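Work through the exercises below with the sequence and the coordinates side by side. Try each task before reading its solution.

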Amino acid sequence: MILNRFNQVRKSLFSLNSFGMKPVGVNPFIKSVIYKTYCLSKLTYGIGLYALKRKTLNLLNVNQNNLV
């Protein structure tokens, strides 16, 4: 369930490509600020309702790092 929500986050970040957020063209710091501001809220809204395992948390961290 939580990984499906992360796929929505990934899609929302990739949807910003038309605004110049291509992987090569943007400073990683700026990309991370935009990610935290506009995309991460889709994942964190209501996340406290889930009992997440350590393995799932590690997988989310790796996927977030790969995005940014």
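The model is predicted, so local features need pLDDT of at least 70 and side-chain atom pairs count only at pLDDT 80 or more, while totals for chains, interfaces and linings use all residues. Residues are numbered from 1 along each chain as its sequence is written, and side-chain values use heavy atoms, with hydrogens and water left out.

**Exercise 1.** Determine which elements the chain has and what share of its residues is buried.

Solution. Begin with the DSSP runs, where a helix is H or I over at least four residues and a strand is E over at least two, numbered from the N terminus. The chain has three helices and zero strands, in the order α-α-α from the N terminus. Next, apply the burial cut-offs, which are under 20% relative accessible area for buried, over 50% for exposed, and partly exposed in between, with a 1.4 Å probe and protein chains only. Of the 68 residues in the chain, 28% are buried.

**Exercise 2.** Check the length of α3 and find which residues form its buried face.

Solution. The expected span is 1.5 Å times one less than the number of residues. For the 14 residues of α3 (residues 54-67) this gives 20 Å, in agreement with the 20 Å between its end C-alpha atoms. The buried residues of α3 are L60, N63, Q64 and L67. Seen down the helix axis, they fall within an arc of 100° (taken from the directions from the axis to the C-beta atoms), so they line one face of α3. The face turned away from this buried side carries the exposed residues R54, K55, N65 and N66.

**Exercise 3.** Describe how α1 and α3 pack.

Solution. The angle between α1 and α3 is about 10° and their axes are 11 Å apart. That makes α1 roughly parallel to α3, a label for angles under 35 degrees. Contact means heavy atoms within 4.5 Å, and by this criterion I2, L3, F6, R10, L13 and F14 in α1 meet T56, L59, L60, N63, Q64 and L67 in α3.

**Exercise 4.** Is Q64 buried or exposed, and which residues does Q64 touch?

Solution. Q64 is found in helix α3. Its relative accessible area is 18%, so Q64 is buried. Not counting residues up to four places away in sequence, Q64 touches F6, Y35 and L40.

Note on methods:
Axes fitted to C-alpha atoms, helices over the stretch in contact; angles between N-to-C directions. Parallel < 35°, antiparallel > 145°, perpendicular 65-115°, else oblique.
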